[in-house]
Amino acid sequence: GMTITQGLQKNNRVAVAMSGGVDSAVAAALLLQQGYRVEAFYMKNWSEETTAHYEHCPWENDLKDVTAICETLGIPFQSINFEKDYREKVFKYFIEETKAGRTPNPDVLCNTQIKFLSFLDKAIQLGFDKIATGHYARTDGSQLFKGIDPNKDQSYFIYHLNQDQLSHILFPIGDLKKPEVRSKAKEFGLSVADKPDSQGLCFIGDIDFQTFLKQYVKAEPGPMVLTDGTMMGKHKGLAYYTIG
């Protein structure tokens, strides 16, 4: 059977989802400080083909940053590919909802389906006991709580997580505020300490949303009319103005 030390070693192994941003970098550094055996994973969810026609593809820079962070921290790192899962579980839904004139929240799906489900399964399969992310949220292993920083709380993106999943997830920066995270990044000597926050659509990065959408949703311009029938102008296509 398994000896106690092996058990401890297993529980000690954490797979950190690393994005190239300051939050996940500090999450990894804090876990190391707490004595965990940390390995980083970069999730690639977009294929080269998809982003080929953008001048600067966001993930190439992120990958460089992840590599630098892992060198500084002295931890192993590998890239894992979830393009298929992402396309099927997140992207299809996103396009269908947009076409229907509703506002999808791909980040919720992206978090629950990819960051947590696919990644957690993969990590457990690889023998990790826990995964960790740089989300501003907290958990006691069975309940989910808001992150301490009211400006950054991300618990609402991950409200789908169930107890079984939460028992395997760590949120090392959930009890810090963003400025504290940045100052810790400086203390740890991380190159991304001053990297701006990414506001891009989950996994696509910072590309112009309409340009991006045009490839997948046919623009159907039409008139903008007041209730009394007065023509006020034209719109570019309803999919670009979903409620929400």
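Is E39 buried, partly exposed or exposed, and what is its relative accessible area? E39 is partly exposed, with a relative accessible area of 22%, where buried means under 20% relative accessible area, exposed over 50% and partly exposed in between (1.4 Å probe, protein chains only).

1. Basis of the note. This is a predicted model, in which local features need pLDDT of at least 70 and side-chain atom pairs count only at pLDDT 80 or more, while totals for chains, interfaces and linings use all residues. Residues are numbered from 1 along each chain as its sequence is written, and side-chain values use heavy atoms, with hydrogens and water left out.

2. E39 and R13. The structure holds 9 salt bridges, a salt bridge being a side-chain nitrogen of Lys or Arg within 4 Å of a carboxyl oxygen of Asp or Glu. One of them joins the side chains of E39 and R13 at 3.3 Å, N to O. This pair links distant parts of the chain, since E39 belongs to strand β2 (residues 37-44) and R13 to strand β1 (residues 13-17), 26 residues apart; helices (H or I, at least four residues) and strands (E, at least two) are DSSP runs, numbered from the N terminus. R13 counts as buried because its relative accessibility is 18%.

3. K195 and D62. The side chains of K195 and D62 also meet in a salt bridge, at 3.0 Å, N to O. K195 lies in the loop between α8 (178-187) and α9 (209-214) and D62 in helix α4 (residues 58-73), so the pair ties together parts that are 133 residues apart in sequence. K195, at 21% relative accessibility, counts as partly exposed, and D62 is likewise partly exposed, with a relative accessible area of 22%.

4. A salt bridge of 2.7 Å, N to O, is formed by the side chains of K178 and D197. K178 sits in helix α8 and D197 in the loop between α8 and α9, and this pair, 19 residues apart, links distant parts of the chain. K178 counts as buried at 8% relative accessibility, whereas D197 is partly exposed, with a relative accessible area of 29%. Salt bridges that share partners join D23, K152, K178, R182 and D197 into one network.

5. Helix α5. Helix α5 (residues 83-99) bends by about 35° at F91, the bend at a residue being the angle between axes fitted to the seven residues ending there and the seven starting there. Just after α5, G101 takes a positive phi of about 80°.

6. H135. H135 is found in the loop between β4 (130-132) and β5 (137-139), and it counts as buried because its relative accessibility is 5%. The side chain of H135 makes a polar contact of 2.7 Å with the side chain of T133; a polar contact is a pair of N or O atoms within 3.5 Å, where within protein one must be able to donate a hydrogen and the other to accept it, and residues adjacent in sequence count only if both atoms are side-chain atoms.

7. Q143. Q143 is placed in the loop between β5 and β6 (144-146) and is partly exposed, with a relative accessible area of 44%. Q143 and Q163 are 20 residues apart in sequence and 6.8 Å apart in space, C-alpha to C-alpha. Not counting residues up to four places away in sequence, Q143 touches R138 and L166, contact meaning heavy atoms within 4.5 Å.
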